[in-house]
Amino acid sequence: MTDEHLLQWVEYGETVQAAWLSESRHPAPKTLCAVEHISADDALRLMRADTALVWRGDYHQAKQLLSAIKKRVRAKAKQPDDFHRHRLQQAQQSRLFQMLLLVVSPGFQLNNARAPDVQAALTDVYGAGHRLPFLLPLHLLLGFIGAHEWHKTGVSVQALGGAKIHVPYGVFSPVRGEYVDLVAQAELPKGCHTAWDIGTGSGVLAAVLAKRGVAQIIGTDTNPRAILCAEDNMRHLDCAPQVRIVATDLFPSGYADLIVCNPPWLPAKPTADIETALYDPQHAMLKAFLADAAEHLNAGGQVWLIMSDLAEHLGLRAPDDLRKWINAAGLRVLTKIETLPQHPKAQQRHDPLHHARSREVTSLWQLVPA
Ligand SMILES: C[S@@+](CC[C@H](N)C(=O)[O-])C[C@H]1O[C@@H](n2cnc3c(N)ncnc32)[C@H](O)[C@@H]1O
């Protein structure tokens, strides 16, 4: 934690300071002002002028204030007519929602009246306690608390016979199980002994391959939270003897009979670290994966690429781009199996991306060297 992350404000004539640790890539607010009571309209006026509020009052009143702010902002927002405007609107709204701050004292304590115990939820996100007080947007804290509950509860995965995958904040969750089913159904290459799961996230695909009998699997990821999460999941699913989790960019060294990858599906810039599993600027990871995958295959091996065509329905990728990139990488399509989304967002008509989501198809491309 460096000095440039310390923010200051004045309370009862004294200068107070705390660290700024936001998970988002938004810049820190210019000015801070301590408040105990304020109307939603006054709060919004300050926030729009880049003044964040350090909330010193009752915790539940802060939650009510945040809901009132969200309601006002969303009621005024125009329905965006394309994906980029939708993303811009989301980023602007999220910056505003993150201007209501709580001070978290060392040991992850909140000093606000009626504040809940957030120690377990924050330890889940940040690891061992911080020694300095820090500022945390209430909007994020509520996300952390929800994620912590999900982490404890786990997501039941049909392809693992209903066994649970536990996913903390900041790691891609297999709540949309249909792409996992594709990996459970696709025909394995003959004599498949070794497999890699590139961008393993929670490790769910590595676990499915282990349950299908692949003897040696390596899951890789660049997100440190994913590495810890996948290792935990392999242990509790009894897959640890078969699966090794490695922190590396794309491929480990060596060769495999099967290389699986479920990359981020949309070519866009992430606005927070947690979005790096969803958005891949200009499909850079996808292209880098395709470009080198064939070089790592054993004879008779296959590459499995899991992709949805949502980017095509949103006008972010031309319909034949993916096939062109596959061919340019010296690969050819052996077969392609498809599934339709069952997640609730596909049915939500008020979702600004409903038109694209309702037509989305998720595919597992089985690729072999050309
Ligand atoms: C869409 S998620 C898929 C996670 C998991 N395989 C699944 O199917 O649920 C994409 C994953 O790729 C990881 N990732 C992104 N770029 C990567 C890279 N260059 N090398 C390794 N992993 C990467 C992300 O951290 C994220 O965990």
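Close-up 1. Tyr126 is buried, with a relative accessible area of 17%. The view comes from a predicted model. Phe134 is buried too, at 0% relative accessibility. The ring centres of Tyr126 and Phe134 lie 5.4 Å apart. Their planes meet at 75 degrees, so this pair is edge-to-face. Tyr126 also pairs with Phe144: the centres are 5.9 Å apart and the planes stand at 85 degrees, so this pair is edge-to-face as well. Phe144 is buried, with a relative accessible area of 1%.

Close-up 2. Ring pairs connect Phe108, Tyr126, Phe134, Phe144 and Tyr169 into a cluster. The count of aromatic pairs comes to 10. A pair of this kind is described by the distance of the ring centres and the angle of the planes. Phe108 sits in the loop between strand S5 (100–105) and strand S6 (109–110). Phe108 is buried, with a relative accessible area of 2%. Its phi is near 60 degrees, a positive value in a residue other than glycine.

**Close-up 3. Lysines over aromatic rings.** Two lysine–ring contacts are shown here. The charged end of Lys70 sits over the ring of Phe97, 5.6 Å from the ring centre. Lys336 lies over the face of Trp365, at 4.4 Å from the ring centre.

Close-up 4. Strand S3 (residues 31–35) pairs with S4 in the parallel sense, over 5 bridges. Within this pairing, Leu32 stands opposite Ala52 of S4.

Close-up 5. Asp50 lies in the loop between helix H1 (40–48) and S4. Its phi is near 65 degrees, a positive value in a residue other than glycine. Asp50 has 16% relative accessibility. The cut-off for buried is under 20%, so Asp50 counts as buried.

**Close-up 6. The largest cavity.** A search of the whole structure finds 1 cavity of 30 Å³ or more. Rolling a probe the size of a water molecule over the atoms shows where empty space is left. The largest cavity has a volume of about 40 Å³. Its lining is made by Trp20, Ser24, His26, Pro27, Pro29, Arg95, Gln98 and Met99. By class, the lining of this cavity has 4 nonpolar, 3 polar and 1 charged residues.

**Close-up 7. The second largest pocket.** This pocket has a volume of about 220 Å³. Helix H2 (59–76) and helix H3 (83–97) are the elements that give two or more residues to its lining. H3 provides the largest share, 6 residues. The lining residues are Arg48, Val73, Lys76, Ala77, Lys78, Pro80, Arg85, Leu88, Gln89, Gln92, Gln93 and Leu96. By class, the lining of this pocket has 5 nonpolar, 3 polar and 4 charged residues.

**Close-up 8. Ala272 and Ala91.** Ala272 is found in the loop between strand S13 (256–261) and helix H9 (284–293). At 13% relative accessibility, Ala272 counts as buried. Ala272 and Ala91 are 181 residues apart in sequence. In space, their C-alpha atoms are 9.5 Å apart.

Note on methods. Residues are numbered from 1 along each chain as its sequence is written. This is a predicted model: local features need pLDDT of at least 70, side-chain atom pairs count only at pLDDT 80 or more; totals for chains, interfaces and linings use all residues. Side-chain values use heavy atoms; hydrogens and water are left out. On a 1 Å grid over the protein atoms alone, a cavity is a set of points where a 1.4 Å probe fits but cannot get out, and a pocket is an open set with protein on both sides within 12 Å along at least five of seven lines; lining residues have an atom within 4 Å of a point. Grid points are joined across faces, edges and corners, and a volume is the space filled by probe spheres set on the points. Ala, Val, Leu, Ile, Met, Phe, Trp, Tyr, Cys and Pro count as nonpolar, Asp, Glu, Lys and Arg as charged, and the others, Gly among them, as polar. Helices (H or I, at least four residues) and strands (E, at least two) are DSSP runs, numbered from the N terminus. Rings of Phe, Tyr and Trp (its six-membered ring) pair if their centres lie within 6.5 Å; planes under 30 degrees apart count as stacked, over 60 as edge-to-face and the rest as tilted. Buried means under 20% relative accessible area, exposed over 50%, partly exposed in between (1.4 Å probe, protein chains only). A charge sits over a ring if NZ of Lys or CZ of Arg is within 6 Å of the ring centre and within 35 degrees of the ring normal. Two strands pair if DSSP finds at least two bridges between them.
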